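Here's a quick briefing to read with the structure open beside you. Take a look at the fold, then work through the points below.

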Amino acid sequence: MYAAPPPRGTGLAASSMEAEAEADAPRVYQAWKGSNIFFLQGRFIFGPDVRSLFLTIFLIVAPISIFCAFVAGKLMDDFSNSLGIPVMAVAIVFTIYDLTLLLLASGRDPGIVPRSAHPPEPEIIEGGGEVGGVQTPQFRLPRMMDVTVNGMTVKVKYCDTCMLYRPPRCSHCSICNNCVERFDHHCPWVGQCIGLRNYRFFYMFVFSTTLLCLYVFGLSWVCILKIRNAEHVTIWRAMAKTPASIVLIIYTFISVWFVGGLSVFHLYLMSTNQTTYENFRYRYDRRANPYNRGIMENFKEIFCTSIPPSKNNFRARVSHEQGLQPRSSIGGFMSPNVGKAVGDIEMGRKPVTWDELRAVTQVGENEEGLSSRNMMDDKDGELSEPSPDLSREAYTGGMEVQPTQHHRRSSWGRGGSWETAPDFQAVASAAREMSRTGNGIGSSSSGA
């Protein structure tokens with residue numbers, strides 16, 4: 001049968017419409033689902049508590065300004081030009097360096113894992129409920145899976161918000177509402193999560209602030225001693241003649257305990273290849289740390305390796321796939337990730353590597369019609385073919401992939417129980433009654 005060719009210009013018109021739609025699409029930072037705040041059209045990303053960053057800057061700049069105005073200026077008069085000018089210059093340069101590290105730690109992507117457009121394939125639980133004489137499948141998504149890191153088994157959890165299995169050492173920040181790789185903590189003084197891509201700058205900022213406090217503290221005492229020696233007075237009278245030095249000594253003494261203690265603590269964490277989150281949650285001093293590769297290798301990992309590029313292009317246009325909403329609730333199936341989180345300790349499952357797990361759990365995302373495969377289809381009064389059972393063994397590259405089993409409660413029905421919703425049962429019963437009535441009428445008509 002002959003089919004008329006499409007009119008000329010149709011393809012060009014469609015492509016132009018797509019180009020216009022893409023040009024009108026918002027940028028990623030404008031449609032961002034996290035709680036972050038962006039500046040300069042997505043070039044800088046901060047946490048929702050970015051206002052605390054201005055407080056941190058004030059706590060650094062204010063004492064340095066007092067130091068330069070009242071202490072360094074006096075030392076420049078007392079010292080010769082070869083010693084007086086460097087005192088002021090070092091303070092200014094060190095402060096600029098410290099603020100630069102602060103902005104590098106707070107204004108960049110800490111390692112945010114992009115959210116998935118679709119959740120992974122849910123499992124089918126044997127022995128589902130019965131609706132109108134038809135066996136209905138029950139869906140479930142494993143809460144955790146085992147992966148192998150340096151020959152040790154590590155649990156990876158499913159994130160309900162981001163709809164993905166978190167990579168090892170990744171955690172979801174409740175403040176920024178993002179999953180962050182190698183999550184260390186959320187620092188309120190920096191106003192940003194500390195993770196894979198900014199931990200190096202965070203530690204350098206804390207350590208340089210410690211050195212700056214010691215510098216101001218030491219030179220403030222030098223100023224007092226200079227006055228005492230020049231005027232031949234007691235130390236107390238010399239301190240009374242320079243109140244700015246007294247204020248700076250007290251301020252830096254208190255501050256150095258905070259930033260200095262933090263520097264020492266993170267020095268210990270880096271030497272053992274831990275994060276703050278892991279140290280408080282898992283206590284690796286009581287069991288083996290799968291990430292510890294020795295002191296030298298641990299420090300090389302932090303300071304001598306290239307920082308991975310960001311997985312998010314905040315200035316890019318939102319694509320159609322990114323703009324898709326999560327699967328809607330059909331037939332009472334609200335979400336594949338049901339129930340609350342469970343304990344971390346489970347044994348008896350064969351672990352796999354993270355790359356293999358990611359390949360298995362995300363293999364369906366690039367296939368067409370992903371969102372419809374896991375839903376019930378009431379076409380012709382029947383159910384669609386259920387999705388593959390992830391609880392069965394899958395093989396990727398010769399490795400066995402087996403999720404950790406959890407008996408979860410589904411959101412099937414309003415009450416979240418395994419039983420079917422009463423409204424759904426009533427609709428199904430009415431459909432069966434109408435079908436029987438229709439068949440009876442048809443039979444009597446044919447008999448007549």
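Two strands pair if DSSP finds at least two bridges between them, and helices (H or I, at least four residues) and strands (E, at least two) are DSSP runs, numbered from the N terminus. With that in hand, three strands form an open sheet in the order E7-E8-E9, with antiparallel pairing. This is a predicted model, where local features need pLDDT of at least 70 and side-chain atom pairs count only at pLDDT 80 or more, while totals for chains, interfaces and linings use all residues. Residues are numbered from 1 along each chain as its sequence is written, and side-chain values use heavy atoms, with hydrogens and water left out.

**The sheet**

- Strands of a sheet pair through backbone hydrogen bonds, either parallel or antiparallel.
- The edge strands here are E7 (144-149) and E9 (164-165), each of which pairs on one side only.
- Let's start with E7 and E8 (residues 152-159), which pair in the antiparallel sense over six bridges.
- Buried means under 20% relative accessible area, exposed means over 50%, and partly exposed is in between (1.4 Å probe, protein chains only).

**Turns and loops with a positive phi**

- Most residues other than glycine have a negative phi, and most peptide bonds are trans. The residues in this group have a positive phi instead.
- E7 and E8 form a hairpin with two residues between them, and Asn 150 in the turn has a positive phi of about 50°.
- The hairpin of E8 and E9 has four residues between the strands, and there Met 163 takes a positive phi near 55°.
- Met 163, found in the loop between E8 and E9, is buried, with a relative accessible area of 10%. Its C-alpha atom is separated by 7.4 Å from that of Pro 120, although the two residues are 43 residues apart along the chain.
- Arg 169 lies in the loop between E9 and strand E10 (171-173). This residue has a positive phi near 70° and counts as buried at 14% relative accessibility.
- Asn 273 sits in the loop between H6 and helix H7 (276-281). Its phi is positive, about 55°, although it is not a glycine, and at 2% relative accessibility it counts as buried.

**Two helices side by side**

- At what angle do H4 and H6 pack? Helix H4 (residues 199-231) and helix H6 (residues 243-271) pack at an angle of about 150°, with their axes 8 Å apart. That makes H4 roughly antiparallel to H6.
- Axes are lines fitted to C-alpha atoms, for helices over the stretch in contact, and angles run from 0 to 180 degrees between N-to-C directions. Angles under 35 degrees count as roughly parallel, over 145 as roughly antiparallel, 65 to 115 as roughly perpendicular and the rest as oblique.
- The crossing of H4 and H6 is left-handed (the near helix is turned anticlockwise from the far one by less than a right angle; clockwise would be right-handed).
- The residues of the contact between H4 and H6 divide into 22 nonpolar, nine polar and no charged. Ala, Val, Leu, Ile, Met, Phe, Trp, Tyr, Cys and Pro count as nonpolar, Asp, Glu, Lys and Arg as charged, and the others, Gly among them, as polar.
- Leu 212 is found in H4 and is buried, with a relative accessible area of 5%. Leu 212 and Ile 64 are 148 residues apart in sequence and 9.1 Å apart in space, C-alpha to C-alpha.

**What the record says**

- UniProt (unreviewed entry) places the feature "transmembrane region" at residues 53-73, 85-105, 201-225 and 246-269. Its positions are given in the numbering used here, feature names are shortened, and annotations may be inferred rather than shown by experiment.
- In the model, residues 53-73 are 100% helix and 0% strand, with end C-alpha atoms 29 Å apart.
- Residues 85-105 are 100% helix and 0% strand, and their end C-alpha atoms lie 31 Å apart.
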